[in-house]
Structure formats: structure tokens, C-alpha cells
Amino acid sequence: MKAIALPSFGGPEAMVLADVARPEPGPQEVLVEVVAAGVNRADLLQRQGFYPPPPGASDILGLEVSGRIVAVGDEVTSFSEGDEVCALLPGGGYAQYAVAHQACVLPVPPGVALVEAAGLPETAATVWLNLGIVGGLAAGDRVLVHGGASGIGTHAIQVAAAFGAEVAATASREKADRCKELGARIVIDYKSEDFAEVLRERWPNGATFVLDHIGGPYLGRDIDVLATDGKIVVIGSMGGGKAEINLLALLAKRASVIGSTLRNRPVDGPVGKAEIIRDVREHVWPLIAAGKVKPVIGAQFPVADVAGAHRALAEGSVFGKALLTF
């Protein structure tokens, strides 16, 4: 089969289309003929050698796919050959075929095209894990989403708004209107405005929850805008891995700062991938079926132009998700 190989770490040009052995599904796995794969910033980090796959996972890039099941393991009970699905993977998505544990597979939601469904599993699982399970998302919450124009950001805005939260997002001025169309009541231009100053005026009682993948330079200001007993969940460090914070402010607000990742979680166990995917199917898939949440696909690239997909994501030119198509 054809797959994107990474003979050595480096820039986008390090990835090459190559012939590799087709994987075989284990007892509880399905084999998916891939129609499309989501492109995530974790892929960019792995390509550069900064984010190795978990033990036992494929070293091929790609954390989410959509396609059709062509084979199932002996112990698979939830899906059958021919089913159109999307799936969360620990790796291996940039390929014509990929294996996924049955607990990490989802049916394509009603009204969503098979190709577009590739932009949902990693995004929906990340957002629900952090907003729903960790954050306890509820109507009336005030939620700040950093990177509102990203794949995670566009999905988080919609989910939070659908649950009745008031949403603020940081994004560039040229993408602000599109974030508002998705449900953000407040959009702050991170290039020219200080989000802490804006939100202190707009939300005098503070944000109940902050979803932050910028990290370093934002963390101190996240605490500044947080409500008493509020939560900050850090899911990335695009702005830097180190931060200086005011511990007195943290203590005074009884604030929680939580680090969170999805890829290295086990399938089973408390808040494992199986539990997260079950929750996504229960809480998020109905919102998609009702048209309240939709995959936001900003760009599609043929697999031969995987380098272009990575460059576009790194440049920030994609609104929402970027996909590779096979």
C-alpha cells in the first residue's frame, strides 16, 4: 500500500510517498480503507522529531481518518465490513489502510460527507475530553478558547455554544467574523489586543474555563481572567514550554491549571480513549446530527501534496481543519 514515510526528521520535504506493508487488524481492531486523514499540529511535531508515537503504535503520521471498513478482527462486535466510519488512531493515518481499535471507531454522523468526517475524531475527542469531562461544560459557563480559528478552536466554539455557554475566542482580525458565525460572542485579535484586558471589562466575574494550546506567554494572563474556582486546561505549548505565574493569584482564585493530552492515553481504564469516544458519540454526535455542530474543513490536499498541507497548517492559513485525501 502507499503511505507517507518519514525516513528522517525534518521539514515538510522530509515526508515521502512510499510503498509499505499493509497492516493487519488485531482481534479487537478493524482495518479501514482510508478516504481522508486529518492533519494535526501533533503531526508537525512528530515530523520534526519532537513527538514520538506511543509504544506499539505505527510510526506513520496521522491520528484520525475516515473511510470504509474492509476487515475486522475475530473479537470485533461493534462494526462490520463495508461500514463507513471515522476513527481515532495513535498513529498510521497517512496511509491507504489503517488499523483502529473498535472502541476508537465512530459511525459517520448523519449529514456529514465521508471525506469531511476525517476531521472529527481527534478534534471531537480532544474538545470533549477537556470541555466536557475535565471542564464539566454547562449552560451559563463563560469559556475562553484560544486559537479560535484552528481545528480544535472551531469545534470547541461550536460545542460550548451548543451547551449554552458564552464563548470568547482569540483569533486574527481577518478570521473574527467566521468565529462569530460559529458561536463566539467575543473575538479578540491576538495580534493587536490583550485578551486579559478585553475580558476583564467584558467578563467582570471572570472566565469559568480556559482552553489553551498556546501555553507559555498566555498562562499568566489566563489566571488573570479566570473566575474563582475556574479551570485552565493546557493542551499545547505553541507559544513556548515555560511560563512564570503569580502563585498568589492562583491561590486567591482557587484556580486549577491542568495539563492534558489524548494520544498517550490507554484505550481502557478511567478516562481512557474508549470512555472518551463513548462520550463523544453520546454527547457530540447528536449535536452534529442536529446541525448545531459541524466539521469545519478549511483545506483539502491530495496525499502527494502532504508537504503543502503541513506548510499551510504551520503558516496558520487554514481556517478549521486541513485534510489529506486518498
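Helices (H or I, at least four residues) and strands (E, at least two) are DSSP runs, numbered from the N terminus. The model before us is predicted: local features need pLDDT of at least 70, side-chain atom pairs count only at pLDDT 80 or more, and totals for chains, interfaces and linings use all residues. Residues are numbered from 1 along each chain as its sequence is written, and side-chain values use heavy atoms, with hydrogens and water left out.

I turn to the pockets. A pocket is an open set of points on a 1 Å grid over the protein atoms alone, where a 1.4 Å probe fits, with protein on both sides within 12 Å along at least five of seven lines; lining residues have an atom within 4 Å of a point. The largest pocket is lined by 43 residues, and Arg41, Ser150, Ile152, His213 and Met238 lie nearest its centre. Helices H1 (41-47), H2 (121-134), H3 (151-162) and H9 (306-315), together with strand S9 (166-171), each supply at least two residues of that lining.

The second largest pocket has 28 lining residues, with Gly56, Ala57, Ser58, Pro90 and Gly91 nearest its centre. Strand S6 (residues 97-101) gives the largest share of this lining, five residues.

Next, the interior. A nonpolar core is a set of buried (under 20% relative accessible area, 1.4 Å probe, protein chains only) Ala, Val, Leu, Ile, Met, Phe, Trp, Tyr and Cys residues joined through side-chain atoms within 4.5 Å. The largest such core has 47 residues, and Leu131, Val143, Cys179, Val280 and Trp285 have the most contacts inside it. Helix H8 contributes the largest share of this core, seven residues.

Terms used
Buried means under 20% relative accessible area, exposed over 50%, partly exposed in between (1.4 Å probe, protein chains only).
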